[in-house]
Amino acid sequence: MHRAARYGCLQSTFAKSSRFIVLSSLRQGKIVPYKLTDIGEGIREVTVKEWFVKAGDKVAQFDNICEVQSDKASVTITSRYDGLVKAVHYKIDEIALVGNPLVDIELVEEFDNEFSQEENTQESKKKQEIEESSIVTSEDDITSSAESLFGKILATPAVRRIALENKINLKDVTSTGRDGRVLKEDILAHIKCRQENSSDSEKKLLGNVAPIKGYAKHMWKTMTKALTIPHFTYSDDCEVTKLIRCREEVKDALKKEGISLTYMPFFVKAASEALKQFPHLNGWLDEESESVKMVEHHNISIAMDTPQGLVVPNIKNVQNLSIVDIAKELNRLQELGKKSSIPLNDISAGTFCLSNIGTIGGTYMKPVVLSPQLVIGAVGKIQKLPRFDEGNSVIAVNLLSVSWSADHRVVDGVTMAKFSNQWKHYVENPLLLTLGK
């Protein structure tokens, strides 16, 4: 009787659960859970950066719903439907997974038929999952499993079930029942104590926990890949007195036009000019075919610090741009970077990389190649240092350090040194960079 009564109780519980699920799935006014679809590039999760709608707003097809930030770029999500926003599922800076609903939209009449077939399919799938999961565990199985694990500790089947589910040995539980029987309140008190101790230990060990997200998550992935590349580094100094004078002569005039001219546009243009003589350094390595795809256009990637971490957008077709054109593009990317809103098009298809650590204060470093690219250059700060001239007199010179890292599987040291010398020639003689595009 006891076993039959227990089976009847489980059936009753399952029936109530089934009724709840069926009732909760009924829709009024065809409310569509508008899901975050796959936005490409292997992106599986995003951070919600801005909402353009709220509950109660009307939306039409192609209206902006929200802006999301992946570990690579910013993407604006638009509506597929005409309707009324019933609910918004995420707050700003929360993580949304691909396939999960962003908002609920109540459809207008003409979209009812379009959605009904999808809704019926989903309801059938839910019912099937419920039926498949309705397996009643017998009391005998529970009791035999518990006894094999706990021995002959006095406890009710309900207490043993709790112990099994929480992986607790009943011998470790302080009992308060008659003849040493473990009561339900004993096992619950034991679980609570264990959770509190675990939480306190984690807090002591971890302190403040900062999740890795946004651009930092992309850096995690790319640097993990990059460190499988056999690197070598080549460093040199450039005498940049002419470069300093050239920039000083034009920066104020450009500033009046709203253009900020740093040294970086000169470094970028110098790299492009040098690549014309070393085209096999501009491209991507295909590891599977063990080949290098050389690219005609120079999409120079720029390592950029942002509030959400390091990001590496690129300036497209530098070979066709002037110093001023490059400065404008760099200004645009920097403004987007401040808002962590650089779009995917500006992130993808870079062919060669530069980093200006000198703005922070470093001199020499060992930069890491951004796979599948072949070369990265890191420029240090400009220093005024003593040097000997041709007459052995000590003079003050302005020196800029540069460090190049390359994929040693396809780039050798001699080639890197020759490229660096060519880049150095343009940096030390910046007027050559201003002669046309």
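This is a predicted model: local features need pLDDT of at least 70, side-chain atom pairs count only at pLDDT 80 or more; totals for chains, interfaces and linings use all residues.

Visitor: Okay, how many helices and strands are in the protein chain?
Guide: There are 11 helices and 18 strands in the protein chain. Of its 437 residues, 38% count as buried. Taking contacts between residues at least 6 apart in sequence, 63% join residues at least 24 apart.

Visitor: Which strands form the open sheet, and in what order?
Guide: The order is β5-β4-β2-β7, with antiparallel pairing. β5 (74-78) and β7 (95-97) are at the edges; each has a single partner strand, so one side of each has no neighbour in the sheet. On average, neighbouring strands in this sheet are turned by 45 degrees against each other, ignoring direction.

Visitor: And how many bridges join β2 to β4?
Guide: Four, between residues 45-51 of β2 and residues 64-69 of β4. Thr-47, for instance, has Gln-69 in β4 as its bridge partner.

Visitor: Switching to charges: how many salt bridges does the count come to?
Guide: The count is 14. One of them pairs Glu-106 with Lys-86, with the closest N and O atoms 3.5 Å apart. Glu-106 sits in strand β8 and Lys-86 in strand β6, 20 residues apart, so this pair links distant parts of the chain.

Visitor: Now Glu-273, which meets Lys-276 in a salt bridge. Is Glu-273 buried or exposed?
Guide: Buried, because its relative accessible area is 14% and the cut-off for buried is under 20%. Lys-276 is partly exposed at 45%. Their N to O distance is 3.0 Å.

Visitor: Which residues are linked in a network of salt bridges?
Guide: Lys-225, Glu-287, Asp-407 and Arg-409.

Visitor: Last topic, the surface. Which residues make the nonpolar patch?
Guide: Val-292, Met-294 and Val-410 make a patch of about 230 Å². Met-294 is in strand β11 (residues 291-294) and counts as exposed at 51% relative accessibility.

Visitor: And Asp-346, where is that found?
Guide: In helix α10 (residues 344-347). Asp-346 is buried at 6% relative accessible area, and the residues it touches include Pro-313, Lys-316 and Arg-332.

How values were computed: Residues are numbered from 1 along each chain as its sequence is written. Side-chain values use heavy atoms; hydrogens and water are left out. Patches are made of residues with over 30% relative accessible area and no salt bridge: like charges are joined within 9 Å, nonpolar side chains (Val, Leu, Ile, Met, Phe, Trp, Tyr) within 5 Å. Accessible areas come from the Shrake-Rupley method with a 1.4 Å probe; for residues, only the protein chains shown count as cover. A salt bridge is a side-chain nitrogen of Lys or Arg within 4 Å of a carboxyl oxygen of Asp or Glu. Helices (H or I, at least four residues) and strands (E, at least two) are DSSP runs, numbered from the N terminus. Buried means under 20% relative accessible area, exposed over 50%, partly exposed in between (1.4 Å probe, protein chains only). Contact means heavy atoms within 4.5 Å. Two strands pair if DSSP finds at least two bridges between them. Axes are lines fitted to C-alpha atoms, for helices over the stretch in contact, and angles run from 0 to 180 degrees between N-to-C directions. Lists of a residue's contacts leave out its neighbours within four places in sequence.
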